[in-house]
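Let's walk through this structure together, beginning with the ligand and the parts of the chain around it.

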Amino acid sequence: MDALKHLSDATILLLPEQVDPFRHDESHLVGPLPLAVVKPRSARALRELVQLAKAEGFGLVARGAGTGKAGGCIPMERSVIVDMGEFPGTIGISHADMTLSAPASAMLKDVKMAALAAGLFYPPDPNSWDLCAFGGSLATNAGGPCACKYGMTRHWVLAVDALMDDGEVHTFGIATVKNNAGPNLAQLLVGSEGIFGILTGATVRLIPQPKQLLTLLLPVSDWHTLLDLPAALVGAGYLPSAFEFWDPAVLRELRAHGPEEAKRMPGEALALLEFDDPGCNEEDFLEGLLEVLGPEAEHLQTATDARQREALWAVRRMTSVVLKEQYPKKVSEDIVVPRSQVRAFFEGAAKLPLVTYGHLGDGNLHVNFLAAGETDPSELERNLSELFKLCLSLGGSLTGEHGIGLAKRDAFLTLMDPYQVEAVRRMKRALDPSGIFNPGKVI
Ligand SMILES: Cc1cc2nc3c(=O)[nH]c(=O)nc-3n(C[C@H](O)[C@H](O)[C@H](O)COP(=O)(O)OP(=O)(O)OC[C@H]3O[C@@H](n4cnc5c(N)ncnc54)[C@H](O)[C@@H]3O)c2cc1C
């Protein structure tokens, strides 16, 4: 594409071997070769890209670090990948406002560390937090273990800067907790997966860093006993900052193929619980907790130091990687049901050939069809449809955190309320009348 060669302030990749790696993300999907990969370094470059996209009729597919699991950043026919990795800007913290501003190009890890270094806390913690970009985490409204207590990314966003259809970067929202001037367009852009515009940066809210932490390993011999715990804990006034679990099949895979720490993990199934309430290290907190856990607490273990805690979390973070290495063609979904419906979900899904791990505390479960590669596609489709319908019938949804992207587009269009699907379509037409932003995704 010759016109792209003359873009200002941008790295431009055109050769097939240069653009080939951008056909993938961390989903099972692979797109066609993009026309080019452009890494803009200024608002001017973005403006020129919009003009060119409209003139030449190609799509602009925003990309952060490519760790998405819904195929959201992979190219479609006639797409240019807009890799935001070189977009300029620095991470800044305002102690007075308790806010942090960062460009989309910052890595989420650096954003979280900058907050920490200032004695403050930015909670969003997708298990890819050391791999993904801040911009990608905003565009997917990333969740993570501590969403259980602290909510998802959108809960923390005050303002976003975004390239819109007019070719300009606009700021939506203001850098303070109170703002009520009409519908919140910043929130519309968070989680919009690049279909309304391209995020160039954001300002987020911070809170003081929790001072205490209690990390517990809860091995059980019958994993079904875990299923009522999320609701029971919350009912008793205990809100974990994380409540993760591995079912017996996933735990077996981890022990066989995971890192050393995984081989030492106890139980037939296992939960990893964390609390960060003031006083959570004191005896009466643990005593009350043991009462709620009941006989299940028999083999409860406390992570003794930061090193052991980090090792446990490293195993949690690499669970999907270990499974993918063993089952490269597996299909994984990240359905969600209310925590009160976790048991009903597993009863309803008993006949589906799936293994599960993930964020048990908020009902966001990573279900994996490990044999998807060898399964008749129509059978796989039936299983997925049954899975999604079950979640919707229990008051849940198709995806708790990874988003719709391309992977769940068909399910989104067929299973969601037609009024809402049409509303999103109308918003898309209003904000992106030329259809240049991430065409073919979500809607
Ligand atoms: C091992 C592993 C664990 C994970 N754990 C979690 C988890 O716990 N919780 C969770 O929510 N996700 C998780 N994910 C999924 C993924 O990492 C997150 O969604 C992450 O936030 C995506 O960031 P990214 O920078 O890689 O985005 P990408 O994959 O590059 O893009 C994702 C989507 O956002 C859009 N996008 C990216 N940047 C921009 C931008 N600047 N403007 C507009 N749109 C943009 C893309 O077009 C695409 O639709 C995990 C992934 C892996 C591989």
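In this predicted model, the shell around the ligand draws residues from both domain 1 (2–86) and domain 2 (92–208), so the ligand's shell lies between the two domains. In total, 38 residues surround the ligand, and the closest are Gly64, Gly68, Gly72, Gly136 and Gly194. Sorted by class, the shell has 18 polar, 14 nonpolar and 6 charged residues.

Which elements supply this shell? Strand 3 (59–63), helix 4 (134–139), strand 10 (198–205) and helix 12 (319–326) each give at least two residues. Helix 4 provides the largest share, with 4 residues.

Now turn to the two domains themselves. The chain is divided into domain 1 and domain 2, and their C-alpha centres lie 22 Å apart. Their contact takes 17 residues from domain 1 and 17 residues from domain 2. On the domain 1 side, helix 2 (43–56) and strand 3 each supply at least two residues, and helix 2 has the largest share, 5 residues. That side of domain 1 is made up of 9 nonpolar, 6 polar and 2 charged residues.

Finally, take a look at helix 12, one of the elements that supply the ligand's shell. Thr319, Ser320 and Leu323 are buried in helix 12. Viewed down the helix axis, the buried residues of helix 12 fall within an arc of 95°, so they line one face of the helix. An α-helix has 3.6 residues a turn, so residues three or four places apart point the same way. The buried residues of helix 12 pack against several elements, among them helix 8 (248–257), helix 11 (306–317) and strand 17 (355–359).

Key
Residues numbered from 1 in each chain as written. Predicted model: local features only at pLDDT ≥ 70, side-chain atom pairs only at ≥ 80, totals over all residues. Near = placed C-beta within 6 Å. Nonpolar A, V, L, I, M, F, W, Y, C, P; charged D, E, K, R; others polar. Domains from an automatic or database assignment. Buried ≥ 20, exposed ≤ 12 C-beta atoms within 10 Å, placed from the backbone. Arc of directions from axis to C-beta. Contact = placed C-beta atoms within 7 Å.
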